[in-house]
Amino acid sequence: MKYDTVIVNGRIVTPNKILNSQIAIQDDKITALGNNLDKDAAQIIDAAGQLVLPGMVDTHVHINEPGRSDWEDYHTGSQALAAGGTTSMVVMPLNALPARTTAAEFKRHRSIAEGKSYIDFALYGGLVPGNLAEIPKLATAGAAGYKAFMATTGTDIPGDFKNVDDYELYRGMEAIQKTGLRLSLHAENPVLTDRFAAEKIANHQTQIQDYVDSRPPLVEVEAVRRALYFAKMTGCKLHFVHLSTGEAVAEIQKAQEAGQDVTCETCIHYLALDVEDFKKIGPLAKCSPALRTKKVQTELWKKVQVGAVNAITSDHSPAPASMKTNPHNNIFDVWGGISGAQNNVDLLFDIAVTTKRLTIFQFIQLIAAGPAELFGLNSKGSITIGKDADIIFLDPTKAYTLKKSDLYYKNKISAYEGFQIHNRITRTILRGKTIFTLADKFIAEPDGKFLFNEKVKEGTPYADDNSRKIIFN
Ligand SMILES: [Zn+2]
């Protein structure tokens, strides 16, 4: 037999065409697209009635193992992602404990995830106060990129992830520039958010609207502008995570026009939910940046529609259910993070493709090819000959109501519980092997593999300018 597997009868979404043909898979890779491939197949998978899409590459996921595995671990987090059609993830350096801010922790986290994750994964390293010496070592260990917080974050627990101030951010950018990797930023002005919040709390204003008012769009836009200027002066490549306003995206467009290497993402919840939804859903929809008004959300959608946003991610930020309740009627006390990654693909398909806000080709660009490109995941991101056979089936007619019992998270809570979703993921294939079907659930052992940013391989020299020209061009 020429092929291990051939997928038949599906509607295959390639980067620029929908094909009513077959996909042949050999040795983990997509090796042919065309007709009559099934006569040379050892195994045939019938995709009748299914849209056949590239698996999502979710570049913004929090897995809390080690240290806070009761929030989410690699087993539960990657199962939720796989069941929802995500086949690769880039994992944030927080909120595991200790956070991934040293090369030693990086290696430890990698070895925990190997053998436990159902999907392929790359790992971020963190930039935090005091870890400049670790920056080049994290690159050598295989970091896909770096993450830093301009917003206030972290606890006083030793090893927890802390935000940088302007000085630490500037020095961090100088160090990261030398690695050639991208620095991803949570951009909100911490002085403003902290003091706006303190004002509200002092006045006993602790409702959802008060929280939203303590993090207005201006805190995001100001931080983006400041970071862009620091990056211009240091030559550091930037990526802005979870942008919530079209105004911030516009700042990035201006910087790109001026020649800066900068990219950005938004998240499904900023496109699916607004402030009024937050009030209906309650604490489960608390996140930072906060959910926005319909008007601000419409401006963000416009930026997504014109291609000004590189990726759409989950910012899956799980926590125990007890941290997502509000017993003292003070929304400021509730954990800020949305659990939702299992509905990455189906929910976004509903609000983007079914509503005709995006074409199916824009959709797959934003969930797969765009994010893969950002972090040098060169074997991922599209149904193209030579790429890894990371393929999902989406049944566009299979509607369902999301229930707790559907969820694979460690903590069975989701901002989207009770939502009517009008399509469903029915099969997830990782490197040619079916790992999940809606009918039979998980049918393979976890086999997720560590992904390098292909622009920086482990052990390659990166520190001197001459070698960097070769490696990073
Ligand atoms: Zn996050």
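This is a predicted model: local features need pLDDT of at least 70, side-chain atom pairs count only at pLDDT 80 or more; totals for chains, interfaces and linings use all residues.
## Where the domains meet

Between them, domain 1 and domain 2 bury about 3,200 Å², and 64% of this area is on carbon and sulfur atoms. Three residues of domain 1, namely Tyr409, Lys410 and Tyr416, supply 22% of the area that domain 1 buries against domain 2, which is more than any other three residues supply.

The polar side of this meeting can be described as well. Between domain 1 and domain 2 there are 19 residue pairs in polar contact, counted where both residues have pLDDT 80 or more, and the count of salt bridges between the two domains is two. In a salt bridge of the model, the side chains of arginine 431 and aspartate 120 meet at 2.7 Å, N to O.

## The zinc site

Which protein atoms are the donors of the zinc ion? They are NE2 of His60, NE2 of His62 and OD of Asp315, lying 2.0 to 2.2 Å from the zinc ion. Along the sequence, the spacing of these donor residues is H-x1-H-x252-D. Distant parts of the chain are linked by the pair of histidine 60, in strand S8 (residues 56–61), and aspartate 315, in the loop between strand S16 (311–313) and helix H12 (344–354), since the two are 255 residues apart.

## Backbone details

Most residues other than glycine have a negative phi, and most peptide bonds are trans. Against this background, the peptide bond from leucine 94 to asparagine 95 is cis, with omega near 10°, and asparagine 95 is placed in the loop between strand S9 (86–91) and helix H2 (103–113). The peptide bond from leucine 97 to proline 98 is also cis, with omega near -5°, and proline 98 likewise lies in the loop between S9 and H2.

Aspartate 27, a residue other than glycine, has a positive phi near 50°, and its place is in the loop between strand S4 (22–26) and strand S5 (29–34).

Technical notes. Residues are numbered from 1 along each chain as its sequence is written. Side-chain values use heavy atoms; hydrogens and water are left out. Buried area is the accessible area (1.4 Å probe) that two parts lose on being put together, summed over both. A salt bridge is a side-chain nitrogen of Lys or Arg within 4 Å of a carboxyl oxygen of Asp or Glu. A polar contact is a pair of N or O atoms within 3.5 Å; within protein, one must be able to donate a hydrogen and the other to accept it, and residues adjacent in sequence count only if both atoms are side-chain atoms. Donors are N, O and S atoms within 2.8 Å of the metal (3.2 Å for Na, K and Ca); water is not among the atoms, so sites may look incomplete. Helices (H or I, at least four residues) and strands (E, at least two) are DSSP runs, numbered from the N terminus.
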